[in-house]
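Work through these exercises with the structure in view. Try each task before reading its solution.

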Amino acid sequence: MSAYDFQEVEKKWQAKWESQGLFNAKIDPDKPKFYSLDMFPYPSGAGLHVGHPLGYIASDIVTRYKRLKGFNVLHPMGYDSFGLPAEQYAIQTGQHPAVTTERNIQRYTEQLKRIGFAFDWDKEVRTSEPNYYKWTQWIFMQLFDSYYDLEADKARPIAELEAIFNEKGNQGINVACDEYIEPFTETEWSGFSEKEKQKTLLKYRLTYLAETTVNWCPALGTVLSNDEVKDGFSERGGHPVERKKMMQWNMRITAYAERLLKDLEEVEWPEPVKEMQRNWIGRSTGAEMVFQVEAHDLKIKVFTTRIDTIYGVTYLALAPEHEFVEELITEEQRNKVERYVATAKNRSERDRMSDVKTISGAFTGAYAINPFNQERIPIWVADYVLAGYGTGAVMAVPAHDERDYNFARHFGLEIRQVIEGNLEEGSFPGKDGMIMNSGFISGLPMQEAMDKAIAFLEENKIGKGKIQYKMRDAIFTRQRYWGEPLPVYFKDDLPYLIDEKDLPLVLPEVDKYLPTEEGEPPLGRAEDWTYKTAEGEFPLELSTMPGWAGSSWYFFRYMDPKNESRFVGQEEEKYWGQVDLYIGGAEHATGHLLYSRFWTKFLYDRGFVSIKEPFKKMINQGMIQGRSNFVYRKKGSNVFVSAGLKGEHDAIPMHVDVNIVHNDRLDVEAFKKWRPDLADAEFILEDGKYICGAEIEKMSKSKYNVVNPDDVIARYGADTLRLYEMFLGPLEQFKPWNTNGIDGVSKFLKKLWRLFYDGSDQWCVNEGIPGKEELKSLHKAIKKVEEDVERYSFNTSVSTFMICVNELSGMKCHKRAILEPLLVILSPYAPHIAEELWEKLGHTSSIIEASYPKAMEEYLTEESHEYPVSVNGKMRAKVSLPLDLSKEEIQERALADEALQKWIAGKTPKKVIVVPGKIVNIVV
């Protein structure tokens, strides 16, 4: 084969790589390791579009480059294969989600292999496979059997806590637990029944059952996360969502809040992602105190970061979900408040936080007493207060908080200034002002006033200084079928773990994938969904784990996916350690990325792994946007006007499938076949062509701008796709897909091929000694590409390859000594053509086993410079001169240049400006 047949070349090398297991990683203590990882995909039915491989191509370049640099690289791929879409399809069709998922995975795998990724497919994992989720269940069991010791700042086995209870009860222990736990002595503990002990331990476990306010979607039959709800409706399907209390499994992630915050300093992540996690964790330093409710035996607990403004409190605001609301409503206010609460509770917390324009609330009719001045304070219900943050109650200081101020003005409540400053233009925080109108803290600056107020709280046993976190414990169950079953059974209405030997607890068969008629989750339809013990047969948990469970530890399983006795072998985990490069989307900042950090820290605490943070460096790839094409239809007809003529006609734009458009030129015959109603379409052309309009939009089926990588590969080849996606722009930026530029990349590869084969398709590589300019061109490329990959600037490398190949083509360079190292540096980007030509050069081993060439400085030193010479401000000639000349010598040689004589015309220059190594400017 002498012509470049990319289809044959790419199939050949993909088959060779797979048959030889070339990318299968094994422990090698003699080599430094590099763990390169992409966020694994959910295998949707639509397959990949050209935007999906962007991050994969970047990580693949780094993977191949690191191999060339002598690293032992682990670069696996798998599938996050539990998901709601497969379950919804199962509900609609009756087809088991496993069947749909398997078909989708096969499609994804075929597409990924066609792009030529150096994935270690031998280490593939799928979160929905029982041999994988056995270990997800096992990790859940370890969490259930653990508590968090705040003194040691780490998780410990729950058995150690039981030993403490046996020795001294729960008094004086510093552990993470539920808020309200009655104290007990060791004697009382030993007198507890088995049921009482288990109920008590549940308040300390790192995963526990509790009544929790959730987003319940009746149509989907499941609980949704805040991310899955928009304006009171599910993102998927647009179904109504209501807020209700349900018994749910929770993960006590709040125990790790401070470590999750502090350890962000140890990872090389994009600052916006770190900031999102900081804001989500939401550390606040302040005070917690109680307000006694008038004429009730109730105390409302509030957390505030500004206890110094306590004398400015003019009302209390409770979240609609607050547990005291029902008791506080007076009969006069009942109808109004209950209507308000019913409406407000069904708005998601995210909507309530973001909607600052809508002001709403209802007065309960009840009052509380401010313990600092004994004033009566009205108690309101307001949806700007969130049950999931702090205590679900706010002491409102309208003069110094914008939301409180807007609420008070709307409802005509008192606005009392307690910090010096100007209140005329609205509320102000006044952190630098002196306290006023505030009793014993008047005249003090903020911090001193806070310290004195906290001392008052603690002396009177009505509060204390406290660090508060906005982050809540993570809900860990979904009322759906397609997820990991929880390894839990119930005895006396309390949860117990199944025996480890019975893992995995496999999903049972069900007749339908819907909730039961009684409203139980789909697992309630399974026959004999029970667990047998020596004591009898007990019901198993009916809910399944959330989508983030399997993705919270998959990076460990990749290291040792076939281990049947441990979730990861100790030797493998210690060798591969942290993921060195993690590429994926920033949208996972407060979901997967946070939960992965949490689980890793827990596994570290319990001695199961050796790392505290899973991902050392992370890059968020940008999105490839779609470039939509439009045709223009004359109103009331089936006549389509070319873009340049649309102004002459009353034409309406219509999206057209970009796959039947090339360089904005419409394939009119393909257009007629696209839809039945277009079969008789007529066209008004310009210069015999139909030119389409174009616009940059999100890649979407509805806009017909989705480009399938399979189509691009069939037309141009995988190497062209890889190079082009990198050429589009910096990895982190959003950029449009534009097939108009892909031809240039395709031509570049053909030009590269011509360095090895002449115009007659004959092999033309020779053993000649390279010249100075050839070596310079090569070594510039070696240095630039190395620098680019090290700083993840892949688009500039593609430009460097093009410049180098152009220069070598211009020099008619066909020398092995130049072309061989050129192939090595190109191979991470365009591996198929590099492998083929490497083999043609006589190598019997893969190019990936070569070494990255060293850039030699002696070939990079410039000895001359081409000076642009301007006469009276206009560039008139270029003069190549040695760099070691003095200013005087540069001036002399420039003035003597023949090309400049006609512009100087024998005149003596008034002024000559010489900047060595830059320019010459002559004024005559």
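Buried means under 20% relative accessible area, exposed over 50%, and partly exposed in between (1.4 Å probe, protein chains only). The model is predicted: local features need pLDDT of at least 70, side-chain atom pairs count only at pLDDT 80 or more, and totals for chains, interfaces and linings use all residues. Residues are numbered from 1 along each chain as its sequence is written, and side-chain values use heavy atoms, leaving out hydrogens and water.

**Exercise 1.** Find how many disulfides the structure holds.

Solution. 
- Start with the test: two cysteine sulfur atoms within 2.5 Å.
- The count is zero.
- Take Cys764: the nearest cysteine sulfur belongs to Cys813 and is 9.8 Å away.
- Cys764 is in no disulfide.
- Cys764 is buried, at 16% relative accessible area.

**Exercise 2.** Describe the salt bridge between Lys16 and Glu839.

Solution. 
- Apply the cut-off: a side-chain nitrogen of Lys or Arg within 4 Å of a carboxyl oxygen of Asp or Glu.
- The N to O distance here is 2.9 Å.
- Lys16 is partly exposed at 28%, and Glu839 is partly exposed at 26%.

**Exercise 3.** Decide whether Asp650 and Lys635 are buried or exposed.

Solution. 
- The two form a salt bridge, with closest N and O atoms 3.8 Å apart.
- Asp650 has 51% relative accessibility, so Asp650 is exposed.
- Lys635 has 52%, so Lys635 is exposed.
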